[in-house]
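This briefing goes through one protein model, topic by topic. Keep the sequence and the structure open while reading.

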Amino acid sequence: MVNKHGPVHAAIGTPCWLWTGTRDQKGYGRFWIPGRTPAKPHRVAWEFINGPIPIGLAVCHRCDTPSCCNPAHLFMGTLAENNRDMLNTDRARGPALLTSEAVRVIRAAYAAGTTQAALGREFGVRQVTIQAVVTRRTWKHVK
Ligand SMILES: [Zn+2]
């Protein structure tokens with residue numbers, strides 16, 4: 001169910017482990033463990049190596065590949081830490097305030113009722129930036 005010979009990530013130097021099973025509409029893998037709620041493989045991979053994920057924390061991808069579950073490509077953080085880490089990554093890549101993964105999180109959180117101002121604080125960007133993301137004036141290519 002995992003292809004350990006995905007593309008080698010340029011910055012990390014090891015290949016992505018691509019989940020080849022079911023994926024949700026955001027590209028994240030899904031699988032089911034009896035007696036548990038549907039789990040995301042990258043979270044299960046993290047728990048297998050590091051133990052349970054505390055409530056409220058996210059397992060994030062260094063490689064920005066949602067279906068990747070290589071433990072070496074994953075790190076745990078809050079949403080804000082996740083975005084700071086991605087900011088650092090992006091600074092190396094070029095001028096971008098957000099990443100496609102952050103955009104997906106922002107749109108989902110906004111759809112779930114989080115205000116644009118709160119998301120701006122959480123992600124360290126201006127409210128107008130959040131507004132442009134959720135109205136799809138920017139990041140149109142991110143599904
Ligand atoms: Zn990866």
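Predicted model: local features only at pLDDT ≥ 70, side-chain atom pairs only at ≥ 80, totals over all residues.

Pro7 sits in the loop between β1 and β2. With a relative accessible area of 54%, Pro7 is exposed. Its C-alpha atom is separated by 9.0 Å from that of Leu18, eleven residues apart along the chain.

**Overall make-up**

- The protein has 143 residues, and buried residues make up 40% of them.
- Its secondary structure comes to five helices and four strands.
- Along the sequence these elements follow the pattern β-β-α-β-β-α-α-α-α.

**Zinc site**

- Four residues coordinate the zinc ion: Cys16, Cys63 and Cys68 through SG, and His73 through ND1. The distances run from 2.0 to 2.4 Å.
- The arrangement is tetrahedral because the four donor atoms subtend angles of 102 to 115° around the zinc ion.
- Along the chain, the donors of the zinc ion are spaced as C-x46-C-x4-C-x4-H.
- Cys16 and His73 link distant parts of the chain, being 57 residues apart. Cys16 belongs to the loop between β1 (2–3) and β2 (18–19), whereas His73 belongs to the loop between β3 (58–61) and β4 (74–77).
- Both Cys16 and His73 are buried.
- Cys63, another of the zinc donors, has 7% relative accessibility and therefore counts as buried.

- How many disulfides does the structure hold? The number is zero.
- Cys69 is in no disulfide, and the nearest cysteine sulfur, that of Cys68, is 6.3 Å away. The cut-off for a disulfide is a pair of cysteine sulfur atoms within 2.5 Å.
- Cys69 counts as buried because its relative accessibility is 5%.

- β3 is covered on both faces. Ala58 and Cys60 lie on one side, Val59 and His61 lie on the other, and all four are buried.
- In a regular strand, side chains alternate between the two faces of the sheet.
- The pairing of β3 with β4 is antiparallel and runs over four bridges.
- His61 has Leu74 of β4 as its bridge partner.

**Helix α4**

- Which residues of helix α4 (residues 116–123) are buried? They are Gln116, Leu119, Gly120 and Phe123.
- These four residues are on the same side of α4, because they cover an arc of only 105° around the axis.
- An α-helix has 3.6 residues a turn, so residues three or four places apart point the same way.

**Nonpolar core**

- The largest nonpolar core has twelve residues in all. They are Leu98, Ala102, Val103, Ile106, Ala109, Leu119, Phe123, Val125, Ile130, Val133, Val134 and Val142.
- At least two residues of this core come from each of α3 (100–111), α4 and α5 (127–134).
- α3 gives the largest share of the core, four residues.
- In soluble globular proteins, nonpolar side chains tend to be buried together.
- Val142 and Ser100 are 42 residues apart in sequence, yet their C-alpha atoms are 6.2 Å apart in space.

- Asp64 is not a glycine, but has a positive phi of about 60°. Asp64 is located in the loop between β3 and β4.
- At 21% relative accessibility, is Asp64 buried or partly exposed? Buried means under 20% relative accessible area, so Asp64 counts as partly exposed.
- Trp139 is not a glycine either, and has a positive phi of about 55°. Trp139 is found in the segment after α5.
- Trp139 counts as partly exposed because its relative accessibility is 22%.

Conventions: Residues numbered from 1 in each chain as written. Heavy atoms only, no water. Donors = N, O, S within 2.8 Å, 3.2 Å for Na, K, Ca; no water. Tetrahedral: all angles 85-135°; square planar, octahedral: opposite > 155°, others 65-115°. Buried < 20%, exposed > 50% of the residue type's maximum accessible area, 1.4 Å probe, protein only. Arc of directions from axis to C-beta. Pairing = 2+ DSSP bridges. Core = buried A, V, L, I, M, F, W, Y, C linked by side-chain atoms within 4.5 Å.
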